[in-house]
Amino acid sequence: MKDRSVSRRNLLGTMTMGSLAAVAGVALPWSRSAVAENAPHWSYEGPEGAANWGHLSPEFSVCGSGHRQSPIDLASAGLDVAPDLGLGWQPFDAMVENNGHTLQVAAAAKTDSALMLGGQKYAFLQFHFHHPSEHALGGGRWPLEVHMVHKGEAGDLAVTGILFRPGRENDVLGRILAVAPIGKGKVAIPRAIDMNRFLPSSRATYRYAGSLTTPPCSEIVSWVVFRDPVEAAIGQIETFARMFPMNARPLQQDFQRGIALDLF
Ligand SMILES: [Zn+2]
């Protein structure tokens, strides 16, 4: 009988080709209608990898030239008061899509879920995962990060990031992984998803001005990254890693951007 344990090296070796093949029809994360049939392919490694995103297409140029790119290391954050944060997340019936870059979860029908930031309302669009985490602290990365993407009326985005450390099973993550398509595709998740169940008990957050962490890397994101990680089982992290062995953008220079640690 074959050993069922799979080393990270093997995962990288066997999955990269599949991931590359699956990269087609780049989706701007907040707008299905913006998907161009001939949108440039991108990946995390190889010739279309993160180091080259800025050269893949004129519309991706800020990926290489921007001074407000994400993710960054948050270790230099200073205690500060940041714009008020209010989470108006409602449970919703959801679909999970494997889009070749990540697992992305969106409401199956309209949801009123939203986030208030500094008095502005941002409507919830979707959440998705990165392995390992994109944001780092003192160079260290967590094994998983979830991003909830919200869009404001002016077209800018507010994205919350929650980091995962190995520990107990995460029930919401488990329900997503249980039905997630191995290849590209989209399925309904049984029973409503409640994003509040991802939240750590502390409302301490890092705040900074940054970008999308995937092409076109638009510098339109108010980042809210929760300081304290939550837990996911190692088996859950491995299940995601088998599908996406590496879908985290390398750390970007912070160019002296202020990073606030708001203790709420
Ligand atoms: Zn993301």
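**Figure 1. The cis peptide bond at Pro71.** Pro71 lies in the loop that runs between helix H3 (62-65) and strand S1 (78-79) of this predicted model. The peptide bond that joins Ser70 to Pro71 is cis, and its omega is about 0 degrees. Most peptide bonds are trans, and most residues other than glycine have a negative phi.

**Figure 2. The cis peptide bond at Pro132.** A cis peptide bond also links His131 to Pro132, here with omega near -5 degrees. Pro132 belongs to the loop between strand S6 (120-130) and strand S7 (136-137).

**Figure 3. The crossing of helices H4 and H5.** Two packed helices are described by the angle between their axes and by the distance between those axes. For helix H4 (residues 171-179) and helix H5 (residues 234-243), the axes come within 11 Å and cross at roughly 40 degrees. Because an angle counts as roughly parallel under 35 degrees and as roughly perpendicular from 65 to 115, H4 and H5 are oblique to each other. The crossing in which H4 passes H5 is left-handed. On the H4 side the contact is made by Leu173, Gly174 and Leu177, which meet Gln236, Thr239 and Phe240 of H5. The residues of this contact between H4 and H5 comprise three nonpolar and three polar ones, with no charged residue among them.

**Figure 4. The surroundings of Arg197.** Arg197 is placed in the loop that connects strand S11 (185-193) with strand S12 (205-210). When its neighbours within four places in sequence are left aside, Arg197 is in contact with Asp171 and Val172. Leu173, one of the H4 residues that meet H5, is 24 residues away from Arg197 in sequence, and the two C-alpha atoms are 9.7 Å apart in space. Arg197 counts as partly exposed because it has 14 C-beta neighbours inside 10 Å, whereas a residue would need 20 or more to be buried and 12 or fewer to be exposed.

**Figure 5. Positive phi at Arg191 in strand S11.** Arg191 is located in strand S11 and, although a residue other than glycine, has a positive phi, near 65 degrees. With 10 other C-beta atoms within 10 Å, Arg191 is exposed.

**Figure 6. Positive phi at Phe255 in a loop.** Phe255 is found in the loop between H5 and strand S15 (260-262). Its phi is positive, at about 45 degrees, although Phe255 is not a glycine. Phe255 is exposed, since 10 other C-beta atoms lie within 10 Å.

Note on methods: Residues are numbered from 1 along each chain as its sequence is written. This is a predicted model: local features need pLDDT of at least 70, side-chain atom pairs count only at pLDDT 80 or more; totals for chains, interfaces and linings use all residues. Helices (H or I, at least four residues) and strands (E, at least two) are DSSP runs, numbered from the N terminus. Two residues are in contact if their C-beta atoms, placed from the backbone, lie within 7 Å. Axes are lines fitted to C-alpha atoms, for helices over the stretch in contact, and angles run from 0 to 180 degrees between N-to-C directions. Angles under 35 degrees count as roughly parallel, over 145 as roughly antiparallel, 65 to 115 as roughly perpendicular and the rest as oblique. A crossing is left-handed if the near helix is turned anticlockwise from the far one by less than a right angle, and right-handed if clockwise. Ala, Val, Leu, Ile, Met, Phe, Trp, Tyr, Cys and Pro count as nonpolar, Asp, Glu, Lys and Arg as charged, and the others, Gly among them, as polar.
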